[in-house]
Amino acid sequence: MKSLSLGLLFFALNAFAGLGEDFRDLKNSGSNYEVIGTVCEEVTRLRFQEEFPAPKYGVVTGVEYGDGNRTIGELDVVVFNASTNQVYRVAEVKCWKNNEGAIKKALSQRQRFVNTLRSGKPIKFKSLHSKVQFRRDNFLQNPQQIAVAQKGSKSAGFDQELDYELAELMKLREMMIKCQAAG
């Protein structure tokens, strides 16, 4: 029993240490954490930056695409070659209580983007949080398209899970909001 308690304590401290590191890495991001999904997108960005390190790669969140008159959709996280802007990975990130509903939404958004690319109609891209400029041809070499969510979401069909459960991500979000309010 004592080893089980020590194991649970170690697990909890490890999770908190990870949250603390992510808090440190995100606290100056300038992102709006009032929007619930932002924390999951930003943690995904951190994990992708570990996998695709600068200066060779860039990782951005919030890339809108549209026809010039209206926004059609938004790509949650985009990984690209920093010198050519060629896109390697596009991720739809959903941290919802209902993983089944979340994966349906992510797959629907993915299909909307694919359909928009295939339409041949002009597309304009706008990065909401960076100065990176994308064009249609940056996406035409079949970038990996994945769906990401909180721990425990792979069973619903997500391709990748974050290190945290939904409650932990919401705690991180709360920490970020308090930090931003304090300046």
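Which residues are exposed on the other side of helix 3? In this predicted model, local features need pLDDT of at least 70 and side-chain atom pairs count only at pLDDT 80 or more, while totals for chains, interfaces and linings use all residues. Residues are numbered from 1 along each chain as its sequence is written, and side-chain values use heavy atoms, with hydrogens and water left out.

Helices (H or I, at least four residues) and strands (E, at least two) are DSSP runs, numbered from the N terminus. Helix 3 comprises 20 residues, 99-118, and reaches 28 Å from its first C-alpha to its last, close to the 28 Å expected at 1.5 Å a residue; the expected span is 1.5 Å times one less than the number of residues. The buried residues of helix 3 are N99, A102, I103, A106, Q109, F113, V114, T116 and L117. They cover an arc of only 165° around the axis, which puts them on the same side of helix 3; the arc is that of the directions from the helix axis to the C-beta atoms. On the other side, K104 and R118 are exposed. Here buried means under 20% relative accessible area, exposed over 50%, and partly exposed in between (1.4 Å probe, protein chains only).

The buried residues of helix 3 pack against strand 1 (57-66), strand 2 (71-81), strand 3 (87-93), strand 4 (124-127) and strand 5 (144-149), where contact means heavy atoms within 4.5 Å. At the start of the helix, a side-chain oxygen of N98 reaches to within 3.0 Å of the backbone nitrogen of E100. Helix 3 is followed by G120, which has a positive phi, near 80°.

One disulfide is found in a search of the whole structure, a disulfide being a pair of cysteine sulfur atoms within 2.5 Å. The pair is formed by C40 and C95, with sulfur atoms 2.3 Å apart. The torsion about the S-S bond of C40 and C95 is about -130°, so the disulfide is left-handed. C40 lies in helix 2 and C95 in the loop between strand 3 and helix 3, so the pair ties together parts that are 55 residues apart in sequence. Both C40 and C95 are buried. C179 is in no disulfide, the nearest cysteine sulfur being that of C40, 18 Å away. With 22% relative accessibility, C179 counts as partly exposed.

Helix 2 (residues 38-51) also contains T38. This residue is buried, with a relative accessible area of 11%. Leaving aside residues up to four places away in sequence, T38 touches S31, N32 and Y33.

Technical notes
A polar contact is a pair of N or O atoms within 3.5 Å; within protein, one must be able to donate a hydrogen and the other to accept it, and residues adjacent in sequence count only if both atoms are side-chain atoms.
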